[in-house]
Structures are given as C-alpha cells and as structure tokens.
Amino acid sequence: MAFLMFWDLLGDKGYACRPFLMTPFRNPDGLAENAYNRSHKRTRSVVERMFGIWKRKFPCLKEGILVKLDTSMAVITATAILHNIAIDLKEPDFGVERVVEDDGAMIRHVGDEEMGVVVRQRIVQQWFL
C-alpha cells in the first residue's frame with residue numbers, strides 16, 4: 001500500500017493556491033468548503049500566535065538576522081530547539097504575553113503581572129510548604 005504524503009504550507013487568501021501552499025476558498029461553495037475555511041483559519045491562527053511568541057522570546061527573529069544565509073538557518077534552528085526545550089522544561093515565558101487555550105478555544109491573554117503571580121505561587125508551594 002502506498003501513501004501519498006504532502007507537507008503543505010498554509011497561506012492567506014492573498015496567495016495563489018499551489019500544491020504545496022493551501023489557501024482558503026475565496027468564495028466557498030457549500031458546507032464542506034466553509035468547514036475547510038474555518039479549519040484553515042483556526043490552524044493558521046495557532047501557527048501565527050506561536051511565531052509571535054517565538055519572535056518575542058528571541059528578538060533577533062523579529063528585528064531581522066543580518067548574517068549569511070547558512071548562519072541564519074542555524075540561528076533559526078537553534079532558537080527553535082531552545083524554544084522547544086523551554087516548553088519541555090515548562091519554563092515560564094517572562095515578558096511574553098501568552099494566549100491561554102482550553103480545548104482549542106482562546107480564553108484570555110496572560111501578561112507579565114499575572115504570570116508573576118503564578119510563578120510566585122509555584123515558589124511558595126515548592127519551597128515554603
């Protein structure tokens with residue numbers, strides 16, 4: 001049995017639909033195409049929020065990397081690895097506004113002050129109880 005596998009990118013409606021770049025339907029026709037557009041929008045939103053968090057955590061990504069292409073790719077890879085390690089270690093994102101989700105639905109933005117309260121409570125529970 002052979003499987004056809006695609007690694008598609010998601011683009012907004014400003015781009016043409018290509019075999020490697022999935023875009024929403026401009027004028028969806030029917031329930032299936034409307035459902036596709038809703039799913040496409042939700043997925044792009046999650047990815048864009050993650051990129052926003054990543055750029056705030058590593059400002060060099062936001063400001064622009066002014067080095068050779070090979071070095072740029074190494075910087076991007078290194079920041080991705082560091083970001084994933086921080087997630088695995090449950091490190092707080094100080095100075096990064098977070099979107100807290102519950103079952104995929106956005107609930108609220110959590111900023112520095114609220115994160116400070118959470119971190120302080122963790123310290124109390126870990127060291128002072």
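Biologist: Let's start with H83: which residues does H83 touch, leaving out those up to four places away in sequence?
Modeller: Keep in mind that this is a predicted model. H83 itself is found in helix α3, residues 69-88. Once residues up to four places away in sequence are set aside, the ones H83 touches are M50, I53, W54, K57 and F58.

Biologist: And is H83 buried or exposed?
Modeller: Buried means under 20% relative accessible area. H83 comes in at 7% relative accessibility, so H83 counts as buried.

Biologist: How do α1 and α3 lie relative to each other, roughly parallel or roughly perpendicular?
Modeller: Two packed helices are described by the angle between their axes and the distance between the axes. Here helix α1 covers residues 31-57, and its axis comes within 11 Å of the axis of α3, with a crossing at roughly 100°. Angles of 65 to 115 degrees count as roughly perpendicular. That is why α1 and α3 are described as roughly perpendicular.

Biologist: Which residues of α1 and α3 make the contact, and what classes are they?
Modeller: From α3 come I76, T79, A80, H83 and A86, and they meet M50, I53, W54 and K57 of α1. Sorted by class, the contact has six nonpolar, two polar and one charged residues.

Biologist: Which loop holds K90?
Modeller: K90 has a positive phi of about 55°, although K90 is not a glycine. With a relative accessible area of 63%, K90 is exposed. Its place is in the loop between α3 and β3 (98-102).

Biologist: How many disulfides does a search of the whole structure find?
Modeller: Take two cysteines as examples: C17 is partly exposed, with a relative accessible area of 49%, and C60 is partly exposed too, at 36%. A disulfide needs a pair of cysteine sulfur atoms within 2.5 Å. Searching the whole structure for disulfides gives zero.

Biologist: Stepping back, what pattern does the protein follow along the sequence?
Modeller: The protein has four helices and four strands. Reading along the sequence, you get β-β-α-α-α-β-β-α.

Biologist: What percentage of the residues in the protein is buried?
Modeller: For the surface side, the accessible surface comes to about 10,700 Å², and 61% of that belongs to carbon and sulfur atoms. On contacts, take those between residues at least 6 apart in sequence: 29% of them join residues at least 24 apart. As for burial, out of the 129 residues in the protein, the buried ones make up 16%.

Technical notes
Residues numbered from 1 in each chain as written. Predicted model: local features only at pLDDT ≥ 70, side-chain atom pairs only at ≥ 80, totals over all residues. Heavy atoms only, no water. Helix = DSSP H or I, 4+ residues; strand = E, 2+ residues; numbered from the N terminus. Buried < 20%, exposed > 50% of the residue type's maximum accessible area, 1.4 Å probe, protein only. Contact = heavy atoms within 4.5 Å. Axes fitted to C-alpha atoms, helices over the stretch in contact; angles between N-to-C directions. Parallel < 35°, antiparallel > 145°, perpendicular 65-115°, else oblique. Nonpolar A, V, L, I, M, F, W, Y, C, P; charged D, E, K, R; others polar. Areas by Shrake-Rupley, 256 points an atom, 1.4 Å probe, with all protein chains shown as cover.
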